[in-house]
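Here is a short briefing on charged residues and how they pair. Look at the structure first, then read the points below.

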Amino acid sequence: MATTTTTAFSSSSSFAFFATALAFSLLLSLNTANGGALQQQQQQHFYTVQLSSLFPSDSCSPAPSTKGLNKLPVFHKHGPCAQAQQLTSTANQPKPTADEILRQDESRVQNIQSRKATAGSADVRVTDSTTIPAKDSSTVGSGNYVVTVGLGTPAKKLSLILDTGSDVTWTQCQPCVKFCHQQKEKIFFDPSSSKTYRNVSCEAAVCSALAEATGNRDCSSSTCVYVIKYGGAAITTGFFATEKLTLTKTDVFDEFYFGCGQNIQVNFGGAAGVLGLGRNSLSLVSQTSDKYKNLFSYCLPSTPSGTGFLTFGGAGAKSVKYTPIASVAGGENFYGIGITAISVGGKKLPVSASVFSAAGAIIDSGTAITRLPPAAYSALRSAFRKKMSKYPLGPALSILDTCYDLSKFKNFVVPKIGFFFAGGAEVDIEAVGILYANKPTQVCLAFAANGNATDVAILGSVQQQTLEVVYDGAGGRVGFASGGCK
Ligand SMILES: *[C@@H]1O[C@H](CO)[C@@H](O)[C@H](O)[C@H]1NC(C)=O
Ligand SMILES: *[C@@H]1O[C@H](CO)[C@@H](O)[C@H](O)[C@H]1NC(C)=O
């Protein structure tokens, strides 16, 4: 273009004018074409988000019927669906503030990091249960999503927290020898009113396997006792037992190993216990592997007023992008994944793959906010802030240091954030997974840095929202499909 104009100028002035005009109009039309492409590119790399969509409604929006699909509905622990279904007793407890939720989340992360650090020497035995403090339970963020399963004969319905980061399934039990919490199902599971309950003997091989799954075990008379420590004084302990587990009408398992809790020094916000979906031999996934081949998937809803699902066996979505399950030193019970890069607004962050590989990564349903190696987080934050520079910053929120005051915007535009995984899978986080909205004046980038470059990175539940996440243990892979639920 420049050449044409220069040549034109050097000949006659009228021709120069004509040529310049031509060049200009060419430039104009080119510009328009470019503008279109640019706009398209922008749409490809940005989300336009309605501010109100980030906040839950007061009423539950139930999922399309899951009857006959072997899907268990998944609800947010503190949302209107759980309350409408009376899954948790949070109705009579004040809802935790964002600060409290994030503090609980941080204590879970600390626990994961320390479990990793002490793995191999995790022989912290709790032999004298009378030394366990009986009041003031620590609150441990252990996942915000609950599902309902049936336990015993006849089956008693229990709302349990969905947890890929732990193995042993447990619930609060009668007579609750030491201490239990208020829960939605006001009466705890009662072994004496079930025909199929059996204590596990201390001599049984499976009682030794407990130590491997939880780092602890104990005996009371000749009964095997499970002990799960969550860091600090937070602990749950009780009898290790077998029971009939009913997932759906057709999917019933006899002699399912679980913990019958008698001393629960952890507050689970009104849920009846935990559904352990980890990789250890005592997890629900391993115990049902004959039928489901270690395959399950879930979708976490976008707001606390939505409904997701948990499904076992081969009902996975079609366009799933898989990455191999990676081994994480000291974290064998977790689902390890390999993160290789992160993009913001279509551009990869200038972070070398070794930053990710030095730390390793896991995916966890019980951690809310994704934790990244410090160098990766700081690159993410700076790229995100650059792309969000037209919005005023707001006050930080606990561990979240990049928040915006969006109260003056009905709609706003955020750059997409993409994760690149080992094997080449590239997964865009949905818009609801980029932001943690406390209130319109405080909408935060929903990522945080680990304290140490060697701490394991954690892909948390906020980022997993609305994706169908497929755990294929037998295939040795974890996968993601968009649009799993709303
Ligand atoms: C299970 O073991 C505990 C502790 O030994 C005992 O108190 C309880 O009665 C046993 N329950 C059943 C159903 O055997
Ligand atoms: C980070 O972790 C490594 C290995 O666990 C440790 O040696 C180092 O002191 C830690 N650094 C900080 C700043 O805590």
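A salt bridge is a side-chain nitrogen of Lys or Arg within 4 Å of a carboxyl oxygen of Asp or Glu. Asp 364 and Arg 108 form one, with their closest N and O atoms 2.8 Å apart. Asp 364 sits in the loop between S20 and S21 and Arg 108 in helix H4, so the pair ties together parts that are 256 residues apart in sequence. This is a predicted model.

**The annotated active site**
- An unreviewed UniProt entry places the feature "active site" at Asp 163 and Asp 364.
- The two are spread over 202 residues of sequence, yet they cluster in space, with a largest C-alpha distance of 7.5 Å.
- Asp 163 belongs to strand S5 and is buried, because its relative accessible area is 1%, under the 20% cut-off.
- Asp 364 is buried too, at 0% relative accessibility.

**Around these residues**
- The side chain of Asp 163 makes a polar contact with the side chain of Arg 108, at 2.7 Å.
- A polar side-chain atom of Asp 364 lies 3.5 Å from the backbone nitrogen of Gly 165.

**Other salt bridges**
- The whole structure holds 7 salt bridges.
- One of them joins Asp 105 and Arg 371, at 2.9 Å from N to O.
- This pair links helix H4 with strand S21, 266 residues apart.
- Asp 105 and Arg 371 are both buried.
- Asp 105, Glu 106 and Arg 371 form a network of salt bridges.
- Asp 472 pairs with Arg 477 in a salt bridge, at 2.8 Å between the closest N and O atoms.
- Here Asp 472 is buried at 11%, whereas Arg 477 is partly exposed at 32%.

Terms used. Residues are numbered from 1 along each chain as its sequence is written. Chains are lettered from A and ligands numbered from 1 in the order in which they are written. This is a predicted model: local features need pLDDT of at least 70, side-chain atom pairs count only at pLDDT 80 or more; totals for chains, interfaces and linings use all residues. Side-chain values use heavy atoms; hydrogens and water are left out. UniProt positions are given in the numbering used here, feature names are shortened, and annotations may be inferred rather than shown by experiment. Helices (H or I, at least four residues) and strands (E, at least two) are DSSP runs, numbered from the N terminus. Buried means under 20% relative accessible area, exposed over 50%, partly exposed in between (1.4 Å probe, protein chains only). A polar contact is a pair of N or O atoms within 3.5 Å; within protein, one must be able to donate a hydrogen and the other to accept it, and residues adjacent in sequence count only if both atoms are side-chain atoms.
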